[in-house]
Amino acid sequence: MARTEVSGKDRLSDLPCHLLCRILSNLSTKESVRTSVLSPRWSNLWSLVSVLDLDFQDFKGEHDMGEFIDSFMEYHEELGLKLKSFNMFYDANEHFHKQFVRRLNKVVRRGVCDLNIQNMVDVDVALVRMPPSLYSCATLVNLILYCVVFDHPRSKSVSLPSVKKMYFEGVKFDGDSVLETLISCCPVLEELTVIPHPEDYLEVIRIRSQSLESFRLESKRFDCDNPKVEIDSPSLEFMSICDKKPESLKIHRIGPFAEVTVDVEFDVEDDDPLEISKIRKFLVGLSTFHELTISARTLESIHDYSKVGPFPPFSNLFRLDASLVESSWEVLPAFLSCCMNLDSLVIELDCVPEMEEIKLSPVPQCVLSSLDFLQLKAPSTPSKMKLATYFRKKCTRLTKMLLSGQ
């Protein structure tokens with residue numbers, strides 16, 4: 001406690017109630033409750049805070065988290081207080097659906113703005129299902145969910161007019177249209193992360209949003225039934241796609257200067273026309289990007305395709321960050337051959353190639369004549385310096401080179 005040297009007065013406790021509650025709102029509920037022993041002034045302040053931040057591990061023995069939530073919400077309701085933030089680390093092994101839904105409905109009715117539910121889930125435990133009230137929460141701004149199920153909404157009254165951020169990890173969607181419906185009902189959505197549950201069998205992930213600025217997709221499925229991915233978001237400024245083997249990836253519209261990170265893999269074997277067509281469409285989508293970060297496995301797929309099909313021109317590509325970690329140098333030049341206006345190039349290597357390997361697969365002349373900035377991320381070896389010297393001598397417009405470790 002802050003006290004004056006002369007009187008020893010508790011200045012902090014003299015602050016107005018709303019300021020003290022704001023201070024407590026930055027603490028977990030457990031820490032906030034502990035302040036009740038400081039003095040009579042603090043005894044009930046924690047119960048007026050507009051934040052519930054709970055961890056099931058803090059409730060043991062005679063204490064029950066559900067009963068605590070009920071008591072807190074009833075007191076808030078009596079006083080007409082709003083609940084701005086509800087964060088819960090939840091033990092799904094002790095889940096009772098009706099009680100869970102009833103409590104979440106109360107949270108929604110109290111005007112929640114930030115909702116964060118993370119479930120501790122064992123392999124054999126069913127995921128927690130979200131209540132229908134969540135589909136039409138007018139006050140919700142940030143929605144973060146881990147290991148839950150979104151059922152298909154039974155009514156058409158789905159509306160999330162204030163949601164700006166949605167983060168879904170380990171989430172199952174009851175039908176292909178559920179995620180699309182959620183997105184379409186968020187007119188001011190800015191940030192979206194989707195990491196589907198490994199056993200979710202979505203056939204299509206369709207992202208259509210006029211307002212979306214950042215989108216990240218990470219698929220953890222390892223079977224052959226990966227979804228089709230479609231992107232139509234003209235305001236998108238950042239996009240990251242990480243998917244082992246997407247059925248297809250179609251990019252209709254994104255922002256003209258969006259930063260894009262791509263880590264996907266295709267099978268280009270035995271001249272399969274379907275696989276060749278799939279990667280051709282994928283490359284056509286990539287060719288519209290301005291800034292691109294591309295993984296080693298994606299470069300390998302593109303290199304395999306270069307043996308059987310033509311590249312579209314990448315005339316818009318200004319900056320490229322290419323990873324050759326666990327991959328050979330030869331996979332890069334094939335892709336660079338269509339980057340005629342590349343200005344900035346970042347290459348990450350775990351094994352620096354020898355000059356003989358570079359001479360066998362040289363950097364295309366179009367890149368050597370357009371490159372202005374180069375960064376080499378690689379272990380410090382004599383070969384690294386030789387590679388740097390190669391670029392310095394060959395690149396006619398190069399004004400800056402940066403050498404760094406990985």
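Mentor: In this predicted model, helix α6 (residues 273-286) packs against helix α7 (residues 296-306) at an angle of about 115°, the axes being 11 Å apart. Their crossing is left-handed.

Trainee: Which residues of α6 and α7 meet?

Mentor: From α6, Ile276, Ile279, Arg280, Phe282 and Leu283 meet Thr298, Ser301, Ile302 and Tyr305 of α7. By class, this contact comprises 6 nonpolar, 2 polar and 1 charged residues.

Trainee: Why is Ser233 called buried?

Mentor: The relative accessibility of Ser233 is 0%. The term buried applies under 20%, so Ser233 counts as buried. Ser233 is located in the loop between β11 (228-232) and β12 (238-243). Leaving aside residues up to four places away in sequence, Ser233 touches Ile207, Arg208, Ser209, Leu212, Arg253, Ile254 and Gly255.

Trainee: How far does helix α3 (residues 65-79) reach, and what is expected?

Mentor: With 15 residues, α3 reaches 21 Å from its first C-alpha to its last, close to the 21 Å expected at 1.5 Å a residue.

Trainee: What caps the N-terminal end of α3, and what follows the helix?

Mentor: Asp64 is the cap, with a side-chain oxygen 3.0 Å from the backbone nitrogen of Gly66. After α3 comes Gly80, with a positive phi near 70°.

Trainee: What covers the buried residues of α3?

Mentor: The buried residues include Met65, Phe68, Ile69 and Phe72. Their cover includes α2 (29-34), β1 (51-55), β2 (85-91) and α4 (97-109).

Technical notes: Residues numbered from 1 in each chain as written. Predicted model: local features only at pLDDT ≥ 70, side-chain atom pairs only at ≥ 80, totals over all residues. Heavy atoms only, no water. Axes fitted to C-alpha atoms, helices over the stretch in contact; angles between N-to-C directions. Helix = DSSP H or I, 4+ residues; strand = E, 2+ residues; numbered from the N terminus. Left-handed = near helix turned anticlockwise from the far one by under 90°. Contact = heavy atoms within 4.5 Å. Nonpolar A, V, L, I, M, F, W, Y, C, P; charged D, E, K, R; others polar. Expected span 1.5 Å × (residues − 1). Buried < 20%, exposed > 50% of the residue type's maximum accessible area, 1.4 Å probe, protein only. Polar contact = N/O pair within 3.5 Å; in protein donor to acceptor, adjacent residues only side chain to side chain.
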